[in-house]
Amino acid sequence: MKFLKLVALLAFAVLPAAAQTQQPIRVNCGGPAYTDSMGQVWQADTGFTGGTVSTPVTESITGTTDSALYRTGRYNMGRSGLVYAFPVPNGQYHVNLYFAETSGDAFYTVGARVFNVLMQNLPVFSNLDVFAEAGAKAALIKGADITVTNGSVNIEFDDVVQNAKINAIEILPGTSGPQLSLSFKYPDGTAVVGTLHYTVSSTLVSFQGSVPLTAGQANCALFANPSSLGLSMQFTVNVSLNDTSGHLLWSMNMGLNPSQVNFAAVQSSNLMVTVQKQS
């Protein structure tokens, strides 16, 4: 039972804690204010520099109970890129970007619209092709963890082929949840030097990141509510450890159900792993 709890904890162990004073930011890009199926309020389009509002569509969007979020959008029309910026306290955040390809037959083919997404001036999603990943009139959510050091969340959409486009943006601060310490060592007791990588994905959401080890350890905060990350259905988690030479030292794959993840009674936990040194 203890091992199963640790496996569940790993699902969110590698998602870092965020600034505690900031409320979630939700924006319906190119559209009006909207209250979604979970009662969450999305602001009318705000925070943007550049771009043009796309023509709204009336069709239902598959893969979501909130088609309205995907029927409007804003697309890039300038060389400088479409940028959204939101003032927040410094800290770490999770950003969900909502996409759907709804622009007609000319865009319903792989490679018709391709663009890059930068957050905090760093590339996060390169050569993103929404149609290739989700198809036409289908919801796609891409998520990433960011660190804010300048008092602002900055998201930039740059064209590669045709015009970059975004339908909705969600910025979530972390919670002051319990801590999980993951410790990695070699058989001789020395600490592993390397990086822990993770990928969390479901039908609608995917996000990934990495945590460098410090003295063989990664200290991580837990998210008490998986649904706050957009995970409302069965999802899969992959966690892996690579040393500084790129050797894979350890990995774990699992499937989890958000309704069965509850950290309310957890104060702290530890996982110690011994791995073989690769030459």
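Predicted model: local features only at pLDDT ≥ 70, side-chain atom pairs only at ≥ 80, totals over all residues.
Local features need pLDDT of at least 70 and side-chain atom pairs count only at pLDDT 80 or more, while totals for chains, interfaces and linings use all residues. Residues are numbered from 1 along each chain as its sequence is written, and side-chain values use heavy atoms, with hydrogens and water left out.

**R113**

- R113 lies in the loop between β8 (91-99) and β9 (114-119); strands are DSSP runs of E, at least two residues, numbered from the N terminus.
- R113 counts as buried because its relative accessibility is 6% (buried means under 20% relative accessible area, with a 1.4 Å probe and protein chains only).
- The side chains of R113 and E101 are joined by a polar contact of 2.8 Å (a pair of N or O atoms within 3.5 Å; within protein, one must be able to donate a hydrogen and the other to accept it, and residues adjacent in sequence count only if both atoms are side-chain atoms).
- The R113 side chain also reaches the backbone oxygen of N163, at 2.6 Å.
- Leaving out residues up to four places away in sequence, R113 is in contact (heavy atoms within 4.5 Å) with residues including F107, L128, D129 and K165.

**D36**

- D36 sits in the loop between β2 (34-35) and β3 (41-44).
- With 7% relative accessibility, D36 counts as buried.
- The side chain of D36 makes polar contacts of 2.8 Å with the side chain of Q40 and of 2.8 Å with that of W42.
- Beyond its neighbours within four places in sequence, D36 touches W42 and D66.
- D36 and D66 are 30 residues apart along the chain, and their C-alpha atoms are separated by 6.1 Å.

Terms used: Helix = DSSP H or I, 4+ residues; strand = E, 2+ residues; numbered from the N terminus. Buried < 20%, exposed > 50% of the residue type's maximum accessible area, 1.4 Å probe, protein only.
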